[in-house]
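Subject: Structure handover

Hello,

Here is the structure for you to look through.

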Amino acid sequence: MSVQPQIPSRTQVAIIGGGPSGLLLGQLLHKAGIDNIVLERQSGEYVLGRIRAGVLEQVTMDLLDECGVGERMHREGLVHTGFEMMFDGQRHRIDMHRLTGGKKVMVYGQTELTRDLMEARQASGQLTVYQAEEVSVHDYDTAQPRVRFMHEGRSHELACDFIAGCDGFHGVCRASVPRGAITEFEKVYPFGWLGLLADTPPVSDELIYINSPRGFSLCSQRSRSRSRYYLQVPLTDKIEAWSDEAFWAELRLRLDEEGRERLVTGPSIEKSIAPLRSFVTEPLRFGRMFLAGDAGHIVPPTGAKGLNLAATDVKYLSQALIEYFQERSEAGIDHYSARCLRRIWRAERFSWWFTTLMHRFPGNGPIDAKFQEAEIDYLLHSEAGARTIAENYVGLPLDFGA
Ligand code: RFL
Ligand code: PHB
């Protein structure tokens with residue numbers, strides 16, 4: 001039986017949320033000798049059961065290496081140097097490697113990345129309090145912030161130097177900020193993504209983004225024997241109404257002949273519907289509390305940017321906090337919000353644009369389909385157009401365009 005360490009009453013950084021943002025931050029701070037505690041509302045198994053991102057940019061791979069948890073990713077992850085876009089039944093390959101001077105992405109599931117971080121955290125003896133209930137943040141506009149929460153029926157108060165709000169879109173940190181101190185920008189899309197995970201070989205070696213008259217579809221993967229597929233569906237659709245058979249039948253209709261021939265179907269391991277949203281909070285710092293990852297911004301998943309943006313927020317935040325603790329300089333924490341937001345807006349724009357290009361919008365008519373067709377035709381038959389897609393997809397370097 002493992003003995004749960006006692007919950008102390010003080011730490012340097014209280015991290016709210018034990019998803020990828022919180023765990024990555026914890027690891028980067030620990031490496032720099034900064035003490036932290038992660039408070040997570042759910043159980044560890046629940047966090048690992050959420051099937052989300054699948055594509056890692058170079059900056060995210062580098063961060064996992066820096067944290068000392070990249071070994072399994074390099075062994076089991078799949079390096080991708082291109083992807084396909086399908087329009088009107090025709091496939092076009094975006095050769096990321098050639099168009100970006102040798103860049104690539106890694107297919108490695110968020111579940112696996114989270115598991116690696118959880119194991120590293122446990123091995124280094126750092127505390128994560130799972131099933132922390134009623135978490136509330138206090139006095140973050142003073143030099144003595146505090147976090148209160150319930151755990152196993154007992155109330156706790158944690159004093160800290162800083163609070164990191166890594167608690168996702170529905171978290172408590174952003175919701176605690178007075179409305180007058182925060183600006184939120186939001187666009188909700190009139191459709192969702194129905195995702196299905198199955199232990200079947202992927203239909204293709206590379207990802208295929210499909211714009212079909214029946215709606216968008218994405219053929220993705222987790223490994224050579226595990227596929228992840230998505231279908232654009234109306235927001236009113238209920239998951240119970242989508243049997244596995246109905247999913248596969250609809251996917252076939254959106255694929256081309258080659259795809260239909262190669263598609264291997266099987267029972268789903270997971271199936272869920274996610275709404276699509278563009279959302280940004282400004283600023284991301286409130287005194288001694290910071291927002292990072294989905295707590296501060298959401299992108300529609302079309303550009304595969306959400307987890308990668310979370311990783312770069314966390315890198316910038318760890319740099320700022322390390323600078324504060326090691327040099328007593330506040331320059332990094334003062335600059336945190338602006339530094340993140342510049343990168344966030346670039347990714348928001350690309351994700352919105354790529355979503356608009358690839359989906360069928362309710363209410364749009366034949367002329368809108370023609371506009372999309374003409375834009376795709378231009379992009380894919382122009383070196384500059386294809387490079388624009390490739391450059392955005394592989395992601396910006398950590399310190400871009402200073
Ligand atoms: P998370 O993963 O939501 O974790 C936040 C954690 O905070 C906890 N929490 C609380 N804990 C304590 N007290 C409270 N009051 C709390 N409230 C919440 C939650 O339980 C949770 O454990 O946010 P984080 O860490 O910022 O990570 C962000 C990523 O999860 C997200 O951006 C990506 O999954 C987005 N995303 C993708 N990103 C990519 O970079 N590449 C992709 O290919 C990609 N594909 C996707 C995606 C997201 C998807 N969905 C379902 C939205 C595909 C999909 C379908
Ligand atoms: C995924 O595999 O879940 C995935 C891949 C690429 C995306 C979105 C999701 O753009």
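Predicted model: local features only at pLDDT ≥ 70, side-chain atom pairs only at ≥ 80, totals over all residues.

Helix 1

Helix 1 runs over residues 20-31, which is 12 residues. From its first C-alpha to its last it reaches 17 Å, close to the 16 Å expected at 1.5 Å a residue. How much of helix 1 is buried? The count is 10 of the 12 residues, so the helix is largely enclosed by the rest of the structure. "Buried" here means under 20% relative accessible area. The buried residues are P20, S21, G22, L23, L24, L25, G26, Q27, L28 and L29. Their cover includes strand 1 (13-16), strand 2 (36-39) and strand 12 (162-165), and also helix 3 (58-66), helix 6 (110-123) and helix 10 (306-327). Just after helix 1, G33 has a positive phi of about 80°.

Ligand 1

Helix 1 comes up again here, as helix 1 and helix 10 each supply at least two residues of the shell around ligand 1. The largest share, 3 residues, comes from helix 10. There are 32 residues around ligand 1, and S21, E40, R50, Q110 and L307 come nearest. By class, this shell has 14 nonpolar, 11 polar and 7 charged residues.

Oxygen atoms of ligand 1 take part in several polar contacts. One is 2.6 Å from an N or O atom in the side chain of E40. A polar side-chain atom of D294 lies 2.7 Å from an oxygen atom of the ligand. P20 takes part through its backbone, where an N or O atom lies 3.3 Å from a ligand oxygen. On its own, ligand 1 has 1000 Å² of accessible area, and the protein covers 89% of that.

Ligand 2

Which residues come nearest to ligand 2? Of the 14 residues around it, they are Y209, S220, R222, Y230 and P301. R52 uses a polar backbone atom instead, at 3.3 Å from an oxygen atom of ligand 2. Taken alone, ligand 2 exposes 280 Å², of which the protein buries 96%.

Strand 15 (215-223) and strand 16 (226-233) are the elements that give two or more residues to this shell. Strand 15 gives the most, with 3 residues. By class, the shell around ligand 2 has 8 nonpolar, 3 polar and 3 charged residues.

Regards

Notes:
Residues numbered from 1 in each chain as written. Chains lettered and ligands numbered in written order. Heavy atoms only, no water. Helix = DSSP H or I, 4+ residues; strand = E, 2+ residues; numbered from the N terminus. Expected span 1.5 Å × (residues − 1). Buried < 20%, exposed > 50% of the residue type's maximum accessible area, 1.4 Å probe, protein only. Contact = heavy atoms within 4.5 Å. Near = heavy atom within 4 Å. Polar contact = N/O pair within 3.5 Å; in protein donor to acceptor, adjacent residues only side chain to side chain. Areas by Shrake-Rupley, 256 points an atom, 1.4 Å probe, with all protein chains shown as cover. Nonpolar A, V, L, I, M, F, W, Y, C, P; charged D, E, K, R; others polar.
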